[in-house]
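Let's work through a few exercises together. Take a look at the sequence and the model first, then try each task before reading its solution.

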Amino acid sequence: TLTKKKKKKKKRKNPQPKRKKVTSSTKKVSEAELRDARSRALLYAVATNDDADSGVMKEFVAVVDEALSVCGLVSGLNAQGHLDARYRFFRRTYTSVSCLRRAREAVETEASAWAAALADARANESYFL
């Protein structure tokens, strides 16, 4: 007869709990919570004397400002009835403040072009269906 041997699990010497990676799909934050975190970070950056902590907090404030700006512009495009599907479900991941600034500038360009197209359509008495 054959017997099966059970493999013993090796125990780690220093077991640490696995950290859950926080992504946009695991933790959703409302705009109000984000603005609250921004204001607390700005208050901490102004109040602290540590340049390293202050720099990190100021960078966080800049990221939140840019992200909220992009969200506002995209919401404005949706409210004005923009026809491009890219802005209906706008979810992007950016790695730096400079990437966010470029995204904001691109959306601002699109918003101004859309506003000009709407103004032209109203002036010519032709409307989008």
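**Exercise 1.** Find the helix that holds Val 61, and work out whether Val 61 is buried or exposed.

*Solution.* Start with the place: Val 61 sits in helix α2. Helices here are DSSP runs (H or I, at least four residues), numbered from the N terminus. This is a predicted model, where local features need pLDDT of at least 70, side-chain atom pairs count only at pLDDT 80 or more, and totals for chains, interfaces and linings use all residues. Residues are numbered from 1 along each chain as its sequence is written, and side-chain values use heavy atoms, with hydrogens and water left out.

Next, the accessibility: Val 61 has a relative accessible area of 7%, so Val 61 is buried (under 20%; exposed is over 50%, partly exposed in between, with a 1.4 Å probe and protein chains only).

Now its neighbours: leaving out residues up to four places away in sequence, Val 61 touches Arg 38, Ala 41 and Leu 42 (contact means heavy atoms within 4.5 Å). Also, 9.4 Å separates the C-alpha atoms of Val 61 and Ala 45, which are 16 residues apart along the chain.

**Exercise 2.** Describe how α1 and α2 cross.

*Solution.* First get the geometry: the axes of α1 (residues 31-47) and α2 come within 9 Å and cross at roughly 150 degrees. Axes are lines fitted to C-alpha atoms, for helices over the stretch in contact, and angles run from 0 to 180 degrees between N-to-C directions. That crossing makes α1 roughly antiparallel to α2 (angles over 145 degrees; under 35 is roughly parallel, 65 to 115 roughly perpendicular, the rest oblique).

Then look at who takes part: the contact includes Ala 41 and Leu 42 of α1, and Val 61 and Val 64 of α2.

Conventions: Helices (H or I, at least four residues) and strands (E, at least two) are DSSP runs, numbered from the N terminus.
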